[in-house]
Amino acid sequence: MTTPEVILEEQGLRDGLQTLKTLIPTEKKLEWVDRLVAAGLRRIQLASFVHPRLVPQMADAEALFQQLRKHQGVVYSALVLNQKGVERAIAAGVEHLAISVSASDTHSQKNTRMTLEEAKADFRQNVQLARAHGIRVRAGIQCAFGCRYEGAIPAERVFDLIKHHLDAGADEIALADSTGMAHPVQMRYLISRALELCGPVPLALHLHNTENKGLANLFAAYEVGVRQFDTAFGGLGGCPFIPGATGNIATEDTVHFFRQMGVETGIDLEQVAAVSREVEAMTHAHLSGALYKIPARVSAP
Ligand code: ZN
């Protein structure tokens, strides 16, 4: 197989399933992981270590990491919001953690009960704790392109947070359009500067399709040099603390979009789509992706 030119990180099991009321059995999640790996995904976010009362779907985070059938060359990550989460992840043997702060003070307080300044200090300690245990850290900035509560987020604040995260020891930076408010012109500007700041540290993008601009934003970021994107099977996803938040850009749609432009993702669309269709059948969830519904022979370029 040719080496993928872009890396897609599958977020469906975490960002996706967290939005669903139907609790998925751990064994079923593990089967989906195996199938997603077979489909060619090499980065999979499995779960978040958050309070099970707040996000019941993530209550089996420990069990998932303990029972995971690890495959060579696949990165399995988890999301944490606080020190307790880092400690649980360390105990569960997690090797790659996503730790983030929100660029919006209001969203930060709703999501973590901390102001942005408090969250920054807390973030630094959590990154140090994780790295002291040999865990690689993807440092995220949520609501980097806009906030439903505060509106526009000043670009300078995002740049300051990138510097802050790099200084704290981030192995990767991830910018999240948690609200789907970004647009391609903003994307081009913000990402160009972010890439300069990151230098050799990889920069990933986490895009939501809430305003139907997900792939337009993805393309703008690709054109200025981003090669790592978060996607979710079927287009599942959404933050419980953002009004109207809908799914991530769909893995299948992104694979198809890149394939049509001759950009290799290394991912088999149909195998991912089969997982999406099963999730839909099991949970009666509304999946916002397009391509998972279209048989492979029709979607072929
Ligand atoms: Zn998200």
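Predicted model: local features only at pLDDT ≥ 70, side-chain atom pairs only at ≥ 80, totals over all residues.
Student: Let's start inside. Which residues touch the most other members of the largest nonpolar core?

Tutor: Leu46, Leu97, Ile162, Leu175, Leu205 and Phe229 do, in a core of 91 residues. Helix α8 (residues 184-198) supplies the largest share of this core, 6 residues.

Student: And what does Leu205 touch, leaving out residues up to four places away in sequence?

Tutor: Its contacts are Phe145, Leu175, Met187, Ile191, Ala221, Val226, Gln228, Phe229 and Asp230. Leu205 also stands opposite Phe229 in strand β8.

Student: How do the strands run there, parallel or antiparallel?

Tutor: Strand β7 (residues 203-207) and β8 run parallel, joined by 2 bridges. Between them the chain passes through helix α9 (residues 214-224), and this β-α-β crossover from β7 to β8 is right-handed.

Student: Which way do the residues of β8 point?

Tutor: Gln228 and Asp230 point one way from β8 (residues 228-231), while Phe229 and Thr231 point the other way. In a regular strand, side chains alternate between the two faces of the sheet.

Student: Are those four buried or exposed?

Tutor: All of them are buried.

Student: How many bridges join β1 to β8?

Tutor: There are 4 bridges between strand β1 (residues 7-10) and β8, and these two strands run parallel. In this pairing, Glu10 is opposite Thr231 of β8.

Student: Switching topic: how many cavities of 30 Å³ or more does the structure hold?

Tutor: It holds 1. The largest cavity has a volume of about 100 Å³.

Student: What lines the largest cavity?

Tutor: The lining has 14 residues, and Leu81, Ser100, Val101, Thr112 and Ala119 lie nearest the centre of the cavity. The elements giving two or more residues to this lining are β4 (96-102), α5 (105-112) and α6 (116-132).

Student: Now the backbone. What is phi of Cys143?

Tutor: Phi of Cys143 is near 55 degrees, a positive value in a residue other than glycine. Most residues other than glycine have a negative phi. Cys143 sits in the loop between β5 (136-142) and α7 (155-167).

Student: Why does Cys143 count as buried?

Tutor: Because its relative accessibility is 1%, and the cut-off for buried is under 20%.

Student: What about Asn212, what is its phi?

Tutor: Phi of Asn212 is near 65 degrees, again a positive value in a residue other than glycine. Asn212 belongs to the loop between β7 and α9.

Student: Is Asn212 buried or exposed?

Tutor: Asn212 counts as exposed, because its relative accessibility is 69% and exposed means over 50%.

How values were computed:
Residues numbered from 1 in each chain as written. Heavy atoms only, no water. Core = buried A, V, L, I, M, F, W, Y, C linked by side-chain atoms within 4.5 Å. Buried < 20%, exposed > 50% of the residue type's maximum accessible area, 1.4 Å probe, protein only. Contact = heavy atoms within 4.5 Å. Pairing = 2+ DSSP bridges. Right-handed = clockwise from strand over helix to strand, strands pointing away. 1 Å grid on protein atoms, 1.4 Å probe; cavity = no way out; pocket = protein on both sides within 12 Å on 5 of 7 lines; lining within 4 Å. Points joined across faces, edges and corners; volume = space filled by probe spheres on them.
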